[in-house]
Every structure is written in C-alpha cells, then in structure tokens.
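Welcome! Please take a moment to look over the sequence and the model below, and then let us walk through some of its details together.

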Amino acid sequence: MKSFYSLSISFILILSLQVSAFGQDRGVLEGRIYNSKNNQPLEFATIAIYGTSIGSISDLDGKFLFTGLKPGYVEIRASSVGYEPYVSEPILVTNANKVFIDIPMKESNIALDEITVKASPFRKNEESPVSLRRIDLVEIEKNPGGNRDISKVIQSYPGVASTPSFRNDIIVRGGGAAENRFYLDGVEIPNINHFATQGASGGPVGIINVDFIREVDFYSGAFPADRGNALSSVLELKQVDGNKDKLKVKGSVGASDIALTLDGPLGKNTSYIMSARRSYLQFLFSLIGLPFLPTYNDFQFKTKTRIDEKNEITVIGLGAIDQFALNLKANETEEQRFILGYLPVNEQWSYTVGMVYKHYKENGYDTWTVSRNHLNNTSYKYRNNDENDSLTLNYHSNEIENKLRYEHNSRLGSGLSINYGANLEYAYYDNYTFNKTYINGSPVTIDFSSTLDMYKYGIFAQTSKKVLKDRLSLSLGVRADGNSYSSEMLNPLKQLSPRFSASYMLAQKFFLNFNLGRYYQVPPYTMLGYRNTAGDLVNKENGISYISSDHIVGGIEWQPTDQSRLTVEGFYKYYQNYPYSVNDSISLASKGADFGTFGNEAVKSIADGRAFGMEILYRNKDFLGGNLVASYTLVRSESQAFRSEILALGKWVPTVWDNRHIINITGIKEFKKNWRLGLKWRFVGGVPYTPYDKLGSSYKLAWDVNGQGILDYSRFNQQRLSAFHQLDLRLDKEWFFNRFSLNLYLDVQNVYNFKADQQKVLLLDGNSVINPGDPLPQQRYALKEISTTGGTVLPTVGIIFQF
C-alpha cells in the first residue's frame, strides 16, 4: 500500500513537470437568459463572470457570448430590472469545446428603493426554506473520498450518516434506508445504486454518471407537494444538456470503473448525451483475495429537443446490469470461509426510461412526465456452494412501474406562485421465494409464488407568496395519495398530507425559517406481495397501511457574505404505522441496510417511531480562496419496543441509525497552475447493534441453513459500537490544451488507516457436531466469536480526458 501511494504521487509529479505545451486562453461560453415562468427571452440583461471584469449584455433574443476565457470553473451572475439576481452553478470552460448555459430568471416584486437583494449561490425555495442543500458540480466532481458518487458526496452534509462498510445507504436524520426518493430531470428513478437492496435504497456503488450532473437539490425535509412517497429525503438530480456545437468526448478511469461519455447535436434543435461504464472490481477483488467478485455495467442517456420557444421535450434513460460470482478460491482464512458459507449469489438488472414534455404559457407552464422502470432481482444459495448439494435459497422477483404525472406551474403578477397536478401509476410485481431458514427455534421452509398488480394515484397543490415587502415568504401545500391494493389504502383522503413553510427576514442577512408537514409512504412491494404457502396475501390480511411521518423543522440562517451561509436547524419526526416484524417482534425501522431484499416477510402496521435533533451547517465558497462545508449533527433515532425484555427498559429503543453525533468537514482549494487539493474528515458516532443468540445459533439445523449467527432480539439494539472517524484526501491536476483537456487525480481514503469497530461474528469451531448422540433438533456445533474491524487505506489514481 505504501509503495502504491508513493508511485501514485511520483506519477502525478512527473507528469506535471513534463507537460508544458499548454493552450492559450480561448474558452467560449454561449448562453441564453429568459423568464423562468414563460420562457420569454430577456433583452438587455447584465451577465458577468464572477471574480473578473468580464461582462456582457443580452441581445433581443436573450443570447450572450463570451470568448477568450481562461479555462477552468466559472460562475455566471445575471441581473435584470424586475427580476431576482441569479448565480449559476460552477461551469467548466475548456479550450477544446464551446460551453452552453441557460439562465432562468425569476420575477421579483421588490421595488428598487425597498430591499437590496444580492446575488447568492445559496438560492432558497419559498416551498422549502429549511432542509434544502444545493450541491454544485465542483463539490461532486472533486469531493475527497467521494469517487464521483453522489450517494457518498451527500455524506458531507448535515443529517446524513455514513458507515465504514462498502455500502451507499442513505440515512437522513435518523430515518431508515427505505425512506428516500430520487428524481432525474423530473423523472422518478427507484434506486441510484448498483446491487440495490430491493425495497430500500442502498448498494455498494452509484449508478448515476456524474458527467451528466449539473446540480443536485438535496431535501432532508420540507418536501414540495409535487414530490410524494418520501419520509426522510428527496434527491433532485439535474442533468446537463448535450453540446449544441459539435461532438464532445469524455473518458475516465476511476477507483472501480472505466467510463466513456459522448455528447453533441442531433440536428438543429436537438442535443444528446450518452455514456457507458463497466467496472473492474472483480479483478481487484480477486487480486486481494476477497471471496466475492462483483461486476457492474451501466448506461445513461438524455436528449433534449426545443420544438419552438413554447415547447420542449426531454427523454432520459438509465440502466444497469449487475453480475456476481463467489470467489471459491479465496478460502484460506476463517473469515473468507465464513463469508463464502452464508453469502448468496445476487444478480440484478434494471432500467428507467422517461419523457418530459414542457409547454410554456403566458404566466406559467405545463409539464407532462411519462416513465417506466423495471427491476429484476435474483439470488440463490446452495449448501457448501455446491450445486449438487441442497438448495437453501432461490429468489426471483420483478418490479415494474408505469407512471404518468401532470404539473402546472404559474406565477401571477401579484407574486403568487401556484403549483398543482396529479399522478397515476400502474405497478406489477412478482416474486418466487424458496428459503430454508430458522425461525423462533424451528427450521422453516418458506416456499411461495406471488403476483400483484395495482394502481397508485395522487393529487397535489401548493401556493407560495412573499408579503411585507418580501420580508416574509409563506407556502402552503397539500397532497393526497391512494392505491388499489386494499380498502385500507384506497381512499386518498386517509393519506391527506398538508405542509406549511415560512421564512422571515429579521434583518438584511438574518432569517427565521420554519416548516411543518405530514408525509406518507406506501410500503415496498416486497411487503405488499408477501404470501404464505396457501397463497394468501398475508400482509393485506394483516391490514398493512401507509407509513406516516410528521415533521417539524425550525431554524435560523445568517449570510455574513454573499459567498457564505450559517444555518442552525432543529428537527422532530414522529412515525406511525411503521411495519412490525411478526417473526422477530421488532419494528422494521432498524432493517434495510443489507444486501438482498427488505420486507419480504409478514408484518403489521402497528409500530411508532421518532427521530429528533439539531444540525449546524457552515458553507463558504470563498474560505481562504477555497470551498468549505462544515457541519455538526446531533440526532436520536428510536422505535417502539414490543418485547417484554425491552419494554422493561422503556417504551423506546434506539434504531440502528442512532448515531447521536456526526461531524463533517470538507474543504477544496484551487491553487495556481490548475492544482486543486481537497480534504474531508468525518466523525460518526457508534450505532447500536443486537448481539447474537449463541445457543440458538449453535444448533445444527439453524447453522446449516443460515450459515451465520442468529440475532438475540430479546436484547434488541442493547449494545453499541465505538465511533469511527476517517480522513480522505484528493489531489487534482488539470491541463487545458487547444484540442483536449486532461485531469489526473490521486484520491486516498482513510489516510491514517483508522480501524472501525464492528460487531463480532460467530464462526464454526471445527465442523463436527459436539453431541452426535442427541436427537437431530438438539444437535449443536461448537462456535467461537472473533473480533472484526472495518476500514483500510484506499488510494486511487484516476484519469479524466475530454476533447
């Protein structure tokens, strides 16, 4: 590892010394500025490049052009009389390709002599004045330890927990991994990770290629009414448009994959961008002796057609093929043999395709979105990994959704904004499950097939307005959702979801912000489609219903400069009707962060839960010439206790998301000659865990089907791991030539090699039964407990080229 680290540094330093044929400053940026409500071009608007004396004025068609720009990241600032000032996300300018930007301007009702409104990169929504973080391209591309993976990047922000394991579970404000929703250019995508946990949101590595990403809006609360079915977070990923001038090629080799991205024009009014990636993890894992060999592939595309000034169509697509094999040769150590003993083979493929049609009117626009997504999930396991031996697990499942959503957005002359619409979905689900397991002291064979189809529907509306000379912004929204699964969920009025937001400017730089809302989420298809051997929909008979969560968020905001912001927020979430596991007698709030499936069991909607705490976030885009994000989160996450042994300790028991303390510090600074250095340090409090039932785990019938220990739920989450912390560093060097650009980077995760505490595991102590004379149900293996840790120094050299 030390040799690799030294060679990586030497490689970058040698290249930086040898390459000297730099191009001249010949970057070109072309753009269009327009009224966001009706797409009308704005003439004579002022456009400037921040930090320079370079400026321009838009023409009669709202167009502007900059030439001779120095390559690198630039921000555009725009202003026009009667409109709020605008600050763009960072845009990468190169010598090799012209860059295009569209600038939407929002009308303002502020008189020139009333309040001075300064341009700020920290734009606010009237609907979501709290719990909204905007993440720009530089923060995504250059995030230390992020590997250009959006699931890892958002871990730099308050309320988001992380783990030392190889997973991308999104844990927000103490909520579960299944409580998040994702949108790509307005099209909902069910999951953003490869090898996804069906029914939740986690996986080891992201599907989204960040070459497509322009900006991300991350909501940890205060969800707009047009975004339903979320309890903890909504992630809005906004993609770039394809190059309108000529073909552009971008390739990259990173920590785990190789990627190629193409974009360019398709005729006069249409542009496209498309990419393909393939991992080489299977080779790396084989070299270092890991007992599993994953391979992932993904594909992504977008086209955008401007039919005319009033009509445009966007088509997007995203697909993944995930393959998996066990490395049976990696069986030298006890830990390798243990993993091979219980780990199933899991393979998936998935896709989402969608089309967004937008039609502009005089005071607003209509949006029609139609999409289809499909997940195919397979896993199987043979005893001793021998296909001639007994089959212990065989699982096949499909989830298919066809969605239609209509939205109308308008902004009236009084400054009143209105959003309303409806959505309709048709869903199909099938599941074949064969699973030999051990439940409550007895061997059990679960064997069923299930098919399910249903309709889901919803309506929503939200209105917002600024009053008191724009010092006070108010927003009121409501949505209602239902589905045809059962009478419990049929009536959308039973899932009425109101929300209210307010923001008051105490002084020029100080704000009080507030949000109150109730949110609903339908349980995953794995729960809805679960059947017994008789073919009955078990959870339908158990009266399963929507999960609800009441949120209250309040905080203060201070903007000492136009490049910095400090926010302090307190939050409280109360859950009702959370699924309760019939077999384990616990709330499923603590499940969902493992591979395979989540919710494929009998449940009842009877559990309560709560999460509460506070967050402090400081962002400064010009801190000592760099970008700083620093945050602290205090969070408690608890679920209702059911077992008598736990109830004796109180009504509430901590969930596995109860980190308590989370600290993140991320800094990225650019130096001369296009060098950039980033660091990220994070501290995450230890989480609770449930110890093993050593006696129950030792029974031969139990171990032969599970291959691992059985948890002792009578001591549910009564022990806690130690906290872990980690430092990641990233060094970038970029060259901008006349015909191409090159970016080399070195990323080192866990620089000081911190070993994170993990739960001890149970292993066989030999393979012989210790009491062979007893009846089979009483026969036991000898087990032993070993300590394990997670975390290692992980250096990566990456290459990104573009021409």
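Is asparagine 385 buried, partly exposed or exposed? Asparagine 385 has a relative accessible area of 22%, so it counts as partly exposed; the buried class takes in values under 20%. Keep in mind as we go that this is a predicted model. You will find asparagine 385 in the loop between strand 23 and strand 24 (391-411). Its backbone deserves a look as well: phi of asparagine 385 is near 55°, a positive value in a residue other than glycine. As a rule, most residues other than glycine have a negative phi.

Aspartate 470 is placed in the loop between strand 26 (442-467) and strand 27 (472-483). With a relative accessibility of 14%, aspartate 470 counts as buried, because that class covers values under 20%.

Now let us step back to strand 23 and its partners. Strand 23 (residues 364-382) is joined to strand 22 by 16 bridges, and the two run antiparallel. A hairpin of 3 residues leads from strand 22 to strand 23. To see how the two strands line up, find valine 353, which stands opposite arginine 372 in strand 23. Strand 22 (residues 345-360) also pairs with strand 21 (residues 311-326), in the antiparallel sense and over 12 bridges. There, isoleucine 313 has tyrosine 357 of strand 22 opposite it.

Strand 1 (residues 27-35) and strand 4 run antiparallel and are joined by 5 bridges. In this pairing, arginine 32 stands opposite lysine 63 in strand 4.

Next come the aromatic rings. The model holds 23 aromatic pairs. One of them brings together tyrosine 575 and tyrosine 578: the ring centres are 5.6 Å apart and the planes stand at 80°, so the pair is edge-to-face. That name applies because the angle is over 60 degrees. Tyrosine 575 is buried, at 4% relative accessibility, and tyrosine 578 is buried too, with a relative accessible area of 7%. Tyrosine 580 forms an aromatic pair with phenylalanine 642, and this one is tilted, with 4.5 Å from centre to centre and 55° between the planes. The pair links distant parts of the chain, 62 residues apart: tyrosine 580 is in strand 31 (residues 564-581), while phenylalanine 642 is in the loop between strand 34 (626-640) and helix 9 (644-647).

The charged end of arginine 227 sits over the ring of tyrosine 183, at 4.2 Å from its centre. Likewise, lysine 358 lies over the face of tyrosine 365, 4.8 Å from the ring centre.

Our last stop is alanine 756, which has its place in strand 42 (residues 756-769). At 2% relative accessibility, alanine 756 counts as buried. From alanine 756 to serine 581 the separation is 175 residues in sequence and 30 Å in space, C-alpha to C-alpha.

Methods:
Residues are numbered from 1 along each chain as its sequence is written. This is a predicted model: local features need pLDDT of at least 70, side-chain atom pairs count only at pLDDT 80 or more; totals for chains, interfaces and linings use all residues. Side-chain values use heavy atoms; hydrogens and water are left out. Rings of Phe, Tyr and Trp (its six-membered ring) pair if their centres lie within 6.5 Å; planes under 30 degrees apart count as stacked, over 60 as edge-to-face and the rest as tilted. Buried means under 20% relative accessible area, exposed over 50%, partly exposed in between (1.4 Å probe, protein chains only). Helices (H or I, at least four residues) and strands (E, at least two) are DSSP runs, numbered from the N terminus. A charge sits over a ring if NZ of Lys or CZ of Arg is within 6 Å of the ring centre and within 35 degrees of the ring normal. Two strands pair if DSSP finds at least two bridges between them.
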